[in-house]
Protein chains: 2
Amino acid sequence: MQSEQDHPHAGQPVDSQPVERESTGRIVISVDAMGGDRGPSAVVAGCVQSLRDNPRIDILLHGDSAALEPLIAREPALAGRLSLVHADRAVTMNDKPSHVMRHGKDTSMWSAIAALKDGRGHAAVSCGNTGALMAVSMLQLRRMEGVNRPAIACLWPARGHHGFNTMLDVGADVKAEAEDLLAYAIMGVTYFRNGFGEPRPRVGLLNVGTEEHKGRAEIKAAHELIARHEETGRYEYVGFVEGSDIPSERVDVIVTDGFTGNVALKTGEGTAKLISDLLRQSLTSGPLAMLAALLARGALRRLSTRIDPRRVNGGVFLGLNGTVVKSHGSADATGVAAAIGLAAKLAQSGYQGRMAERLVIAAKTAQDAAPSGEQE
Amino acid sequence: MQSEQDHPHAGQPVDSQPVERESTGRIVISVDAMGGDRGPSAVVAGCVQSLRDNPRIDILLHGDSAALEPLIAREPALAGRLSLVHADRAVTMNDKPSHVMRHGKDTSMWSAIAALKDGRGHAAVSCGNTGALMAVSMLQLRRMEGVNRPAIACLWPARGHHGFNTMLDVGADVKAEAEDLLAYAIMGVTYFRNGFGEPRPRVGLLNVGTEEHKGRAEIKAAHELIARHEETGRYEYVGFVEGSDIPSERVDVIVTDGFTGNVALKTGEGTAKLISDLLRQSLTSGPLAMLAALLARGALRRLSTRIDPRRVNGGVFLGLNGTVVKSHGSADATGVAAAIGLAAKLAQSGYQGRMAERLVIAAKTAQDAAPSGEQE
């Protein structure tokens, strides 16, 4: 079984054809069992759920076999579809990425990415330390040509007819130059197009206002670059967007640096949590309100599903020669299953090859171009 | 009538005693009638509401008298408590701040701030262009000693027993150095203490993680500085906080640069708006849900009031020799009245003098201190 991840030329664009695994029908997801806040039992429960949801998935599970074997033995549904790969240690949330890069070869996280690198798995999932996962992934999988800073993309519940927007970077790197922001636009668009079938996604650049004279220097430069590459990236550039536009119908892909994106993501999550807690309090504040909550429970459940962060669990690492999905550290079985499902969907889609082609073109034209006047 | 704004030494710390106007009992708010999205009629309606709410307020209203006189004539409640100051022009949302600084002397915004500078008003309110308002305010009122970058502070609905946290900067400047972030901590704490009577507010520094090795260089430097100045600023420093902590009970004052703060503020507002719209859809999705909405309407109204952005309308400019409140551009009468009420409360509190003293001490010790080892 050949996959795009074991392409012999690391750093080279991978084949843009649908990958060979499509013919064999099996999708192998390499899962790090350790490092989540809820421990390996939540991850194993998530594996059970994802295998039930998708009969084409097989799982390579990496972690401490003494802890995992009893959990696996209890689940007959895993027999024949889940293989255990023992790893002595686990990366903790407090480990520094640079330390894990140097001394982390015997960890379950390293092992999960190594399986992706050598082609045993088609995509990887981990609930562990984000910084360490990115460092280990960059070291083993290497960046795509034309990518200086890989990014993490998230899905965001939104008003548009797809129900979601995507935003990147939400935490891979605290900085981004104009060229990085252009690469994020191209990567985010390919991801969104493949995920939602939208032929020409709309890109917005996150700023503090929509007027052209506002914002930081690198953002003004990115504004020019992204506008110039509409044809290369096959997107429509809508210009600057603000925080309030993130869940709007104006835009599909929101581009920003990893510091701002991470703060925005967590602010949105925190706000949603506050409001849903206050709503719950309101609806238990007296007998009338409780009766109301009972009558409306179907409608409220649909709303809560619509904005449930577990449903869209999984930040996707873009710009690497391999598909890595970072699950929320606090993910439960439903969350882990969503991340595995997303990894499988991405592994099947062949988006990596198309993304690589566009990134190479954009990097070349951005390099060659005179600073002004270039039109495609 | 003497006020802290007409202190003869611009740039010097102002008197820390409650201002003299306390004895006369009248508080004069200088209001820019033009530049809001809803036009001068919303501002006049807000004036009516605020005068009704607070019998000690008088208003100086700045704008085009041809447009304003008929609006004022219709409201008998304004007689004797509102004086009109004619201005030929209005600043628009698209005007560049630098242009308004050079050519804006005949605008209503300029006039509103000038009244503050020469002591005719005790605090100013405008719904207009934020960048221009900050530029005009800096030019006329000058920065406090020890302040390099003034900041805009907002209130944020939160879980704590005060019901609000404050965050700054939410948009005065797209950049902030470590020393600016320290000044923001001191200014935000004085503001919060005077607003909510909290003797020792807790300060958090917004970052992408709570671990000490994370984040940008200027944030790591600010982390040290803010920790060292707990006694100068009379606050408790809780360390790094994340976007999800903004509405939490962990912290009272969230410190960040104006780019990140503005994105976070608007993301929070956008998320709250999305959820409340989806909730409204859910509760009109069928007869049972509509009956439920009817039964729960008291509880839902209390919730909606709790998170209503109009209730806490008004970003406060901190670090200037004068109190300027920036109302939301889209504010209606209730929003404008809230901003005028906030301006009046701040003008009475005497917080400016205490803030100035602490800023001078912090700036001096930060300058004198050896980079390490200083303890207070």
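**Note on the predicted model**

1. A:Leu288 is partly exposed, with a relative accessible area of 49% (partly exposed lies between buried, under 20%, and exposed, over 50%, with a 1.4 Å probe and protein chains only). A:Leu288 sits in helix α11 of chain A, helices being DSSP runs of H or I with at least four residues and strands runs of E with at least two, numbered from the N terminus.

2. This is a predicted model, in which local features need pLDDT of at least 70, side-chain atom pairs count only at pLDDT 80 or more, and totals for chains, interfaces and linings use all residues. Residues are numbered from 1 along each chain as its sequence is written, chains are lettered from A and ligands numbered from 1 in the order written, and side-chain values use heavy atoms, without hydrogens and water.

3. Two arginines of chain A have a positive phi. For A:Arg142 phi is near 70 degrees; this residue lies in the loop between α6 (130-141) and β5 (151-157) and is partly exposed at 46% relative accessibility. For A:Arg234 phi is about 50 degrees; A:Arg234 lies in the loop between α9 (230-233) and β8 (236-241), and its relative accessible area is 36%.

4. The peptide bond from A:Leu168 to A:Asp169 is cis, with omega near -5 degrees. In chain B, a cis bond joins B:Leu168 and B:Asp169, with omega about -5 degrees. A:Asp169 belongs to the loop between β6 (164-168) and α7 (178-196) of chain A, and B:Asp169 to the loop between β6 (164-168) and α7 (178-196) of chain B.
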